[in-house]
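Please read this briefing alongside the sequence and the coordinates.

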Amino acid sequence: MKYNSTNGVSSPVDFKEATIRGQAPDKGLYFPERIPRIDAKLLTDIENLSNEEIAVRVIAPYTGDTIPMETLERIVAETVNFPIPLVPITDNISALELFHGPTLAFKDIGARFMSRCLGFFMGTSANTRKVTVLVATSGDTGGAVANGFYGVEGIEVVILYPHGKVSPVQEKQLTTLGKNIHALEVDGSFDDCQRMVKMAFTDDELNRQVFLTSANSINVARWLPQQFYYFFAYKQWQDKSIPPVISVPSGNFGNICAGLLAAQSGLPVTHFIAACNVNDTVSGYLQTGEMKARPAVATLSNAMDVGDPSNFVRILEIFRHRHPDIVAMLSAATITDEETLATIRDVYSKHEYLADPHGAVGYLALQRYLGTHGNAKGIFLETAHPVKFPAAVEEATGRVMDIPSSLAALMKVEKKSRRIGPVYDELKGFLLHVTRY
Ligand SMILES: *Cc1c(COP(=O)(O)O)cnc(C)c1O
């Protein structure tokens, strides 16, 4: 399988090259040259297959001959080694809980899969230089990447986060590991962090000395394994004669785009809903056929505060830019913070289910859609554990949550970070220092 750049200038590469590079040299995103058709037997047998078996069959056409089968099986086994249950909430709504991984958010799957692929590629490469993964985080990405790459040979990880602007749990998740994980606490905003990271990627002098790559959802090795969720959901779906409507809390649109890809390759799904907070540029596109990016606004579901979703162009590719085909398969909903809090409260008082703000956005978007679509039934993705967002959940329900023991232990570990100013030269100095071995 080859991957083309969505900008159409850079030459096609295989999965290994696409993973190592992250983004194509022409600044496009890598996209598979064709969408493989899933084997019909995978769907008919799905209830008898383990999650590992399903995941290997789904991803193998995408990794092609870049990863031997035994290695792929090991990587997948290490990626999906926690439960992903489908939990019924009402007669027609179920939650697919994606938060049972080590950092309690769905990004664990993509980060773990990518880290192991990159570790394998660096280990087998004739080039023995170390690779440095550089990311800016506003919260969940940092923890998942730190955890996923912790202790992986040949890879140093540098994470920038804005001082005082990530939650205490999120900060501990990215500052307590040590070893090959380096946390830089920037005296500035998330935008400052992102700007500094972008400058590093375009600094030719630095890139001659340090081999840098990114671990955000534009990387195919983080994006593609997110298809697994949708197959695991279908495996647990009772009435296979009426496939589910699936509501996906969306920010950068990596997750929902993986779902659309799975459906395009043959997984039965009735319809997708992009559940957004007030950062809803894609909703505008669906209505008008024109995409207008806007600066992001801060909300309670902060992992979805994205004004210019980077994976949107992949949705256009999946549907070959045909707007009518896109709107037939995909709707969008806009949910305010007030509605988010009211939904957390309602779902808890009526169904004794604690949703986090992102899941609540997904729930309400689905409930509204089902209200106007007769007998349809659906699934919303619960993308984070509510304990990661205690303030909103307590405000809505009045309930103080018990902290899981793993998290309580983590909160006692001392944080290790290096404080830097919002200045590119400080980041550059650190990158040159940390990669010198
Ligand atoms: C990252 C994230 C999202 C948004 O996912 P995208 O793939 O960027 O659309 C939603 N919820 C949570 C909890 C997240 O961490």
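In this predicted model, five strands form an open sheet in the order β8-β5-β6-β7-β13, with parallel pairing; strands are DSSP runs of E of at least two residues and helices are runs of H or I of at least four, both numbered from the N terminus, and two strands pair if DSSP finds at least two bridges between them. An open sheet of six strands, with mixed pairing, has the order β3-β4-β12-β9-β10-β11. Residues are numbered from 1 along each chain as its sequence is written, and side-chain values use heavy atoms, with hydrogens and water left out. Local features need pLDDT of at least 70 and side-chain atom pairs count only at pLDDT 80 or more, whereas totals for chains, interfaces and linings use all residues.

- Strand β5 (residues 131-136) runs parallel to β8 and is joined to it by three bridges, with Phe-211 in β8 as the bridge partner of Val-131.
- Helix α8 (residues 190-201) packs on this sheet, touching β5, β6 (155-162), β7 (181-186), β8 and β13, and its direction makes about 150° with that of β5; contact here means heavy atoms within 4.5 Å.
- Helix α20 (residues 424-434) also packs on the sheet, where it touches β5, β6, β7, β8 and β13, and its direction makes about 160° with that of β6.

- Strands β4 (residues 93-97) and β12 (residues 378-382) run parallel and are joined by five bridges, and Ser-94 has Ile-379 in β12 as its bridge partner.
- Helix α17 (residues 357-371) lies across β4, β9 (245-249), β10 (271-276), β11 and β12, running at about 165° to β12.

**Ligand site**

- The ligand is surrounded by 15 residues, the closest being Lys-107, Asp-140, Gly-251, Asn-252 and Phe-253, where a residue counts as near if one of its heavy atoms lies within 4 Å.
- Oxygen atoms of the ligand lie 2.9 Å from a backbone N or O atom of Phe-253, 3.2 Å from a polar backbone atom of Gly-254 and 2.9 Å from a polar backbone atom of Asn-255.
- Of the 390 Å² of accessible area that the ligand has on its own, the protein covers 96%, with areas from the Shrake-Rupley method and a 1.4 Å probe.

**Ala-60**

- Ala-60 is found in helix α3 (residues 51-63), and residues up to four places away in sequence aside, Ala-60 touches Met-69 and Leu-72.
- Met-1 is 59 residues from Ala-60 along the chain, and their C-alpha atoms are separated by 9.9 Å.

Note on methods
Axes are lines fitted to C-alpha atoms, for helices over the stretch in contact, and angles run from 0 to 180 degrees between N-to-C directions. A polar contact is a pair of N or O atoms within 3.5 Å; within protein, one must be able to donate a hydrogen and the other to accept it, and residues adjacent in sequence count only if both atoms are side-chain atoms.
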